[in-house]
Amino acid sequence: MSIAIRNIKKRFGQFNALNDISLDIPTGELVALLGPSGCGKTTLLRIIAGMELPDSGSIAFHGEDTTEKHTRERQVGFVFQHYALFRHMSVFDNVAFGLTVRPRASRPSKEEIRQRVMDLLKLVQLDWLAERYPHELSGGQRQRIALARALAVEPKVLLLDEPFGALDTKVRKELRRWLRRLHDEIHVTSVFVTHDQDEAMEVSDRVVVMNSGKIEQIGSPDEVYHSPATPFVYQFVGNVNLFHGRVHEGWARIGAMDIPAPDLGQATDAPAIAYVRPHDIWITREREGELCVPAVVKDISRIGSLVRVELEDEDHNEIQAELTRSGAQHLQLNAGEKVFVCPRNVKVFLEPGK
Amino acid sequence: MIKKHSILPGFGPALGFTIFYLSLVVLIPLSALFLKSATLGWEQFWATVTAPRVLASYKLSFGTALIAALINAVFGLLVAWVLVRYNFIGKRVVDALVDLPFALPTAVAGIALTAIYADNGWIGQYLAAQGIKVAYTPLGIVVALTFIGLPFVVRTVQPVLADLDREVEEAAASLGATRWQTISRVIFPTIMPALLTGFALAFARAVGEYGSVIFIAGNMPMVSEIAPLLIITKLEQFQYAEATAIAVVMLIASFILLLAINLLQWWSRRRLA
């Protein structure tokens, strides 16, 4: 079931939550809405679900306009950050709820419901918890039950609002992979909201990066990470170093470096910002080519398999570099040492508003 | 016995004081009640509490209290729902009004209700035209007991309703439940224990109510004479032991009913945890 979102606008009082959003979600895809809090991603998800009405614009499921339809008629499965399980019902009754509230004519028999619920509980690997109550389960188990409950009604679209947001890191990572595998099995069109870029990168087929009510970029996780469309995406998706400079006829001058900026051929002596990912910064003891600047090592810290090096160039700009452990061992850097820093994959943007 | 270490100090003195205090205020007066009624002897006791006039008063007291508590359970829930769920001008005033029956001297409430519901009163005149007599009938008693019991249900249900998770309702809607199914299968079971508590409190209050009822009831023996009034009547005739005998039966009946409600509550709360 594809979803077509057209020119959605939504205001809450003075606050512009969604500013003319258009987005197509093809059948069977797992799409992440990624953005900082307050960017409108949850509002968009709730509008798709029919829990919120847009001020203008339309939503269509598989070509059929659903903008005016009530949530219960949209056949969406919704998974909440805080599970929203029915506390007074057993796990079995929670999952069966969507089937037992159907009108008598379309309601499956008791035996069929039982079979369907047990199948779903097996799918989420929790069939042994059928008789328990939600308060007896861990957070990760509750969220899997919430997912089984949403899937029980065979939704056309699965919507997940920060589904792993309330879980601790380890469980979150497990569930992330598990959700990806589950989606590969059942292929239901899914949209999930997250503010965690790692989560969006790892789980989704496509990432929609949002900021203050607008879409900044739509693309595969690789595209979004390696060729960000806007400075915002560059900064939001992954760590980044930022240099100020000027751009003139396709060349940017950043400090002592001349960097090609073929996209900005028209600009003449305009202020610009250059972005470089920390792992795209080379550190050497000998100057190698033109694109290197001298810098001083300020601090070295180890984070898991990575070594993060903080440096400062001659203009006192802070530079962050990430090396692999073996790379760092090879270099044998020490704090206070003078080295050369060579950025690669530099992306130059005109400074906004100038 | 090994003294257990606790981060909450003062268990011994606190419990000791609690028991002492409860004894002083509740247990000793109640046991005095039993002792005094025991001076009657079994036969006389039985004759007193099974006299037709006494039986009629029991039936009236418990019957009207039950009806009033049921009315309060329904409309108190509605009031709580409106106060929690909707925003409107004067909401705070309405919220404050709910507590008024707590604060108003019950005699004042009784006189006011009688004046309004008497055959020539503001509301009573229209009801009388329809052939409905409120003041000086059991119906009037129900009105008075409903008035004094209202805050109990509202104030016990209100916080639970306010805590109710909006998302749970949205989840039910996304699963295809109609509004009615959401209310009956999701919201109602959640507020049930609080509603039962409110019901029990309103009922207990209504059974013991005296001040407001005697003005509106008319107090006709066998028809609109409540048990507490009968106790006062006995006292005024210096039949102290008979008065306590009637009171003991009320006490035991109330205790059994409250215990039953508590069990029901325990059962429904256990499933919510």
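**A loop residue and a chain interface**

Author: Let us begin with one residue: S138(A) sits in the loop that joins α4 (110–123) to α5 (139–152) of chain A. Keep in mind that this is a predicted model.

Reader: Is S138(A) buried, exposed or partly exposed?

Author: Buried means under 20% relative accessible area and exposed means over 50%. S138(A) has 37% relative accessibility, so S138(A) counts as partly exposed.

Reader: How far apart are S138(A) and L167(A) in sequence and in space?

Author: They are 29 residues apart along the sequence, while their C-alpha atoms are 9.4 Å apart in space.

Reader: Now the two chains. How many residues of chain A are in contact with chain B?

Author: On chain A there are 24, and they meet 20 residues of chain B. Together the chains bury about 2000 Å², with 60% of that on carbon and sulfur atoms. R72(A), H88(A) and V101(A) supply 30% of the area that chain A buries against chain B, more than any other three residues.

Reader: Which residues form a salt bridge across the interface?

Author: The rule finds 1 salt bridge between chain A and chain B. R46(A) pairs with E170(B), and their closest N and O atoms are 2.6 Å apart.

Reader: Which element gives the largest share of the side of chain A that touches chain B?

Author: That is α3(A), with 3 residues. By type, the residues on this side of chain A divide into 13 nonpolar, 7 polar and 4 charged.

Note on methods. Residues numbered from 1 in each chain as written. Chains lettered and ligands numbered in written order. Predicted model: local features only at pLDDT ≥ 70, side-chain atom pairs only at ≥ 80, totals over all residues. Heavy atoms only, no water. Helix = DSSP H or I, 4+ residues; strand = E, 2+ residues; numbered from the N terminus. Buried < 20%, exposed > 50% of the residue type's maximum accessible area, 1.4 Å probe, protein only. Contact = heavy atoms within 4.5 Å. Buried area = accessible area lost by both parts, 1.4 Å probe. Salt bridge = Lys/Arg side-chain N within 4 Å of Asp/Glu carboxyl O. Nonpolar A, V, L, I, M, F, W, Y, C, P; charged D, E, K, R; others polar.
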